[in-house]
Every structure is written in structure tokens, then in C-alpha cells.
Amino acid sequence: MTSSYSICLLPGDGIGTEVIDCGCRVLDALTAQGGPQFIYDIQPAGYDTFLDVGHSLPSATLEAAKAADAVLLGAMDVAQIPPHGGDPLGGLRIGLEVSASIRPSATIPGIKSPAADIDCVIVREVTEGLYSRDEYMGDDDAAYAIRVITREASTKAARMAFEEARMREKRSGKPGLVTAVHKVGVLKLSDGLFLEACADVARDYPDIAYETRNVDACAMDMVREPGAFDVILATNVFGDILSDVAAGMAAGLGLAASACIGDRWAYFEPVHGTAPDIAGQGVANPCATVLTAGMMLRYLGEGSSADAVEAAVYAVLAEGQVRTGDLGGTATSAQMTDAILAMLNA
Ligand code: IPM
Ligand code: MN
């Protein structure tokens with residue numbers, strides 16, 4: 001019997017609405033081949049939603065996200081939303097009790113990149129840290145942001161990192177390594193607690209090597225010696241920055257996928273933003289979203305469909321005939337998706 005999944009779609013803003021259509025075309029192609037079926041529930045969230053209804057993550061949207069088997073997100077224009085308009089990404093991450101955002105970065109055959117040998121994944125805590133959204137003005141001339149680190153969230157993210165390292169070791173045969181990133185020399189209490197939680201989890205995974213690095217040194221090492229990393233475990237802001245470093249060292253944001261996974265719910269989003277400069281032109285690179293849909297398929301237990309989707313994307317990229325502007329080509333999003341579909345059906 002074919003499985004059927006309910007997918008809550010959050011197209012969001014800018015190119016989010018365009019790339020999500022491409023992702024769904026690929027999912028529907030799997031169905032047409034006799035693969036899994038998908039029932040979509042399109043829900044409003046993001047800046048445009050704030051303009052429409054006064055909040056960027058309506059409670060009905062969060063409820064629909066929780067009711068679905070998985071959530072696929074396009075992109076959200078977070079910067080324009082005023083404080084009283086809510087925080088759609090933070091709200092989702094906290095509301096869906098996400099343990100971490102998993103962001104793989106690897107060089108892709110056929111795609112020029114600064115690093116020949118990067119193949120790592122950033123496991124980023126995404127519910128607290130310096131993005132705790134706890135900010136206030138002391139007086140007119142002093143603003144404060146509270147960096148929150150808890151043992152619970154750090155432990156959950158650490159577990160996800162070690163599980164990821166085990167999975168990668170099994171797949172590649174290369175010994176797993178988790179690198180926890182910190183600045184404990186300065187953030188003695190908060191990163192002290194983070195590292196304590198990471199070390200506690202590391203003891204449960206004696207088969208996986210464990211090391212710690214200062215975030216500044218880690219950023220430099222990622223550029224100078226990208227092959228030295230496997231799984232990078234980081235608090236929210238350090239992980240935000242390092243995941244863009246890794247994406248830049250690998251194949252760029254146009255190909256960067258991510259999964260936010262918790263114990264009960266999960267949502268999947270390309271790492272890129274809303275790209276206002278090209279929004280509405282139909283030229284955004286849909287590959288990040290298609291690869292993100294692949295991560296969603298794997299989470300849903302549809303591993304062979306995930307493999308097929310990823311292989312199709314990588315084959316189109318390796319061939320190099322059809323490419324969007326960010327990859328030096330002239331293809332539209334639709335043409336790039338057509339090429340992926342043709343490869344999938346070949
Ligand atoms: C990301 C983005 C978001 C984040 C922004 C848009 C809030 O940069 O997913 O990396 O930092 O979490
Ligand atoms: Mn980011």
C-alpha cells in the first residue's frame with residue numbers, strides 16, 4: 001500500500017512562494033511514479049501574513065503545522081516584521097519544540113566551490129541562545145539582549161548531533177566526530193553550561209569522537225581546513241553564522257537545505273532567505289527546496305524517494321546544462337525544476 005502524508009506548506013514571502021511550488025512538483029512526480037502521496041495544507045505565515053492579519057504566525061497556522069505529518073517552509077521575511085507582529089521562525093521552532101536545525105554542507109560534483117573537500121553538517125540549537133528574543137532598553141542609550149542557555153535545550157541539540165554523527169559514520173564508513181563550538185573563555189557561565197551538557201551526552205556515545213573549538217578559531221579552521229569537520233554542534237547564533245560559512249564553502253545558499261527536527265514535530269526549510277532582489281521573477285534556484293523536500297522524505301521514512309530526489313538534483317547539477325543565475329546559468333525556476341523532473345523520470 002502506498003503511504004499518504006499530510007504536509008503543511010508555509011510558502012511565506014518573496015521567493016518562498018515560488019520555490020515551494022517547485023518542491024511540490026517534485027513530490028507530486030514521486031506520487032505519479034507510484035510513490036508516496038501528499039495531501040497539502042497551505043497555511044499563511046510571514047511578513048505578508050502580518051500585513052494581512054496583524055500577526056506573522058497565526059495560532060491556526062501553528063495548530064495546522066502540529067496536525068500535519070511534516071511542514072515544508074519556503075522563506076520568511078523576518079526583518080520587516082515589527083516586534084508586535086511576532087516571529088514566525090522562532091515561533092515555529094519553539095512551538096514545534098524543535099531540538100535542532102540540521103544543515104548539511106558538502107561540495108557537489110560540477111559546482112565550483114572554495115573548498116574541495118568539505119562534507120559536514122551543522123547541528124544548530126534554534127530555540128534560545130542570543131536569539132531568545134529577550135531584549136530591552138535599559139535607558140535611551142543602552143540596549144540589552146539576553147543570551148539564554150539551558151541544560152535541556154543544549155542536551156537535546158547535543159543528542160541530535162551525536163545521532164547524526166552515528167548515521168553519517170554508518171553511511172560513509174568514516175569515523176564520526178562531533179565538534180562543539182563555544183566561547184567559554186568569555187561566556188563562562190552560559191557556554192560553560194552548554195559544554196557541560198555536550199560532554200555529558202558525549203559520554204553516551206563512546207564510539208563517536210568528540211572535541212571542542214572556540215567559535216572564532218572554528219570559523220578560520222573551516223576555511224583553512226574544511227575537511228577536518230564532520231558534525232559541528234553549536235548554540236543558536238554561532239550555528240547561524242557557521243552554517244552560512246559552511247554553505248559558502250560548499251555550494252552556496254542556492255543549494256543549502258535544512259531540517260528542524262524535534263521529538264514530536266519537524267519542519268523543513270531551505271537555508272536561504274526571501275531574496276527580495278529576484279522575488280517575483282521566477283528565477284530563484286529551486287534546488288535548496290527540492291533537497292529540503294528530500295530531507296523531509298527521509299524523516300517520513302521514505303528513504304528511497306529521498307535518494308531518488310537527491311540523485312536527480314545532483315545529476316542535473318553535474319550535467320550543468322540547466323542552471324539558475326546563482327550558479328552562472330540563465331534557467332528559470334520552472335526550467336530547473338523541469339530538468340530535475342526529467343532526471344527523476346529517466
Ligand atoms: C536562518 C535565518 C534565520 C535565523 C533568520 C531569518 C531569523 O538566518 O534560518 O539561518 O537566523 O534563524
Ligand atoms: Mn541564517
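Colleague: By class, what does the lining of the second largest pocket have?

Modeller: Keep in mind that this is a predicted model. The lining of the second largest pocket has 14 nonpolar residues, 10 charged ones and five polar ones.

Colleague: Which residues are closest to the centre of that second largest pocket?

Modeller: V78, D87, L89, Y131 and R133 are the closest to its centre. In total, 29 residues line the second largest pocket.

Colleague: And what is the volume of the second largest pocket?

Modeller: About 740 Å³.

Colleague: Which helices and strands supply its lining?

Modeller: β3 (70-75), α4 (88-95), α8 (236-249) and β12 (266-270) each supply at least two residues to the second largest pocket. The largest share comes from β3, with three residues.

Colleague: Where does the second largest pocket lie?

Modeller: It lies between domain 1 (1-98 + 256-346) and domain 2 (114-249), because both give residues to its lining.

Colleague: Switching topic. What surrounds ligand 1?

Modeller: Six names to look for: L89, R93, R103, R124, Y131 and D240 surround ligand 1.

Colleague: Which side chains have an N or O atom 2.5 Å, 2.9 Å or 3.0 Å from an oxygen atom of ligand 1?

Modeller: For R93, the distance to a ligand oxygen is 2.5 Å. For R124, it is 2.9 Å. For D240, it is 3.0 Å.

Colleague: How much of ligand 1 does the protein bury?

Modeller: The protein buries 74% of the 320 Å² that ligand 1 exposes when taken alone.

Colleague: OK, now the largest pocket. What volume does it have?

Modeller: About 1200 Å³. Its lining has 46 residues. Nearest its centre are P104, V121, E164, R168 and R171.

Colleague: Which element gives the most to the lining of the largest pocket?

Modeller: That is α5, with 11 residues. Other elements that supply at least two residues include β4 (98-106), β5 (119-124) and β11 (257-262).

Colleague: How many nonpolar, polar and charged residues are in the lining of the largest pocket?

Modeller: The lining has 25 nonpolar, seven polar and 14 charged residues.

Colleague: Why does the largest pocket lie between domain 1 and domain 2?

Modeller: Domain 1 (1-98 + 256-346) and domain 2 (114-249) both give residues to the lining of the largest pocket, so it lies between them.

Definitions and conventions:
Residues are numbered from 1 along each chain as its sequence is written. Chains are lettered from A and ligands numbered from 1 in the order in which they are written. This is a predicted model: local features need pLDDT of at least 70, side-chain atom pairs count only at pLDDT 80 or more; totals for chains, interfaces and linings use all residues. Side-chain values use heavy atoms; hydrogens and water are left out. On a 1 Å grid over the protein atoms alone, a cavity is a set of points where a 1.4 Å probe fits but cannot get out, and a pocket is an open set with protein on both sides within 12 Å along at least five of seven lines; lining residues have an atom within 4 Å of a point. Grid points are joined across faces, edges and corners, and a volume is the space filled by probe spheres set on the points. Helices (H or I, at least four residues) and strands (E, at least two) are DSSP runs, numbered from the N terminus. Ala, Val, Leu, Ile, Met, Phe, Trp, Tyr, Cys and Pro count as nonpolar, Asp, Glu, Lys and Arg as charged, and the others, Gly among them, as polar. Domain bounds come from an automatic or database domain assignment. A residue is near a molecule or strand if one of its heavy atoms lies within 4 Å of it. A polar contact is a pair of N or O atoms within 3.5 Å; within protein, one must be able to donate a hydrogen and the other to accept it, and residues adjacent in sequence count only if both atoms are side-chain atoms. Accessible areas come from the Shrake-Rupley method with a 1.4 Å probe; for residues, only the protein chains shown count as cover.
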